[in-house]
Amino acid sequence: MSDSQLIREIKDGNIEWYAELISRYEKKIFTFVLHMLRQAHLEHMAEDICQETFYKAYRSIHSFRDVEATFSTWLYTIARNTVLSELRKSRNSDVYLEDTVQIPVASDERMPEQQLLRVEREVLVRQAINNLPEKQRSALILREYEQMEYNEIATILDLTVSSVKSLLFRARQSIKTQLESYMMDACLEEAEGMNKR
């Protein structure tokens, strides 16, 4: 059954179908909320905010019209607004991408120093994303991590598609600028290593 069919059933009074919508989106919404809360050190609130998001969506489901947006886009909008509201309450307006990195298990294919460099690069990229302004950061998370289309991101952030593209361009440029010195250092180290062989 599609999201639209489920919503029609719920609107017709078959509220037990809402559990199906929750099971479809709970993990994605939880991950998105966690990404937004992690660096603000409010990750302990992720589960509550996720539940609040689904509660707010349920309360407002009769006003949802799938001709205006998909259910997932509408749900992400509610989740984002709920997180931002909570951050304002907590007087902590910095929203960051999660910065924990799991160090990969060594494989035969990679040398240990290559693994360490890859992990270091991942940490630096996440730090660069964390340094972005909130709207750029949200747009980038939704596009790169949640794989959303521009029009969905525009709906969630309440912007035009061209504004979203502009935000993403500026976000990527900022990350590139932040990582330039690291990339230059890495290239020099690699060149020096080859010269010593």
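Just after helix H7, in this predicted model, aspartate 158 takes a positive phi of about 60°. Most residues other than glycine have a negative phi, and aspartate 158 is a residue other than glycine. Its place is in the loop between H7 and helix H8, the latter covering residues 161-196. Aspartate 158 counts as exposed, because its relative accessibility is 69% and the cut-off for that label is over 50%.

Glutamine 147 has a relative accessibility of 58%, so it goes down as exposed.

H7 itself runs over residues 150-157. Buried within this helix are Glu152, Ile153, Ala154, Ile156 and Leu157. As for spacing, an α-helix has 3.6 residues a turn, so residues three or four places apart point the same way.

How does H7 sit against H6? Two packed helices are described by the angle between their axes and the distance between the axes. For H6 and H7, the axes cross at roughly 140° and come within 10 Å. The pair is therefore oblique, and the crossing is right-handed. On the H6 side, the contact is built from Lys135, Ser138, Ala139, Leu142 and Arg143, while H7 brings in Tyr150, Ile153, Ile156 and Leu157. Sorted by class, the residues of this contact come out as six nonpolar, one polar and two charged.

Setting aside neighbours within four places in sequence, serine 138 touches Met36, Arg80 and Leu157. Leu157 is itself one of the buried residues of H7.

Over at the start of the chain, another helix pair packs together. Helix H1 (residues 3-11) and helix H2 (residues 18-37) meet at an angle of about 145°, and their axes are 9 Å apart. From H1 come Asp3, Leu6, Ile7 and Ile10, which meet Tyr18, Glu20, Leu21, Arg24 and Tyr25 of H2. This contact has six nonpolar residues and three charged ones, with no polar residues at all.

Technical notes
Residues numbered from 1 in each chain as written. Predicted model: local features only at pLDDT ≥ 70, side-chain atom pairs only at ≥ 80, totals over all residues. Heavy atoms only, no water. Axes fitted to C-alpha atoms, helices over the stretch in contact; angles between N-to-C directions. Helix = DSSP H or I, 4+ residues; strand = E, 2+ residues; numbered from the N terminus. Contact = heavy atoms within 4.5 Å. Nonpolar A, V, L, I, M, F, W, Y, C, P; charged D, E, K, R; others polar. Buried < 20%, exposed > 50% of the residue type's maximum accessible area, 1.4 Å probe, protein only. Parallel < 35°, antiparallel > 145°, perpendicular 65-115°, else oblique. Left-handed = near helix turned anticlockwise from the far one by under 90°.
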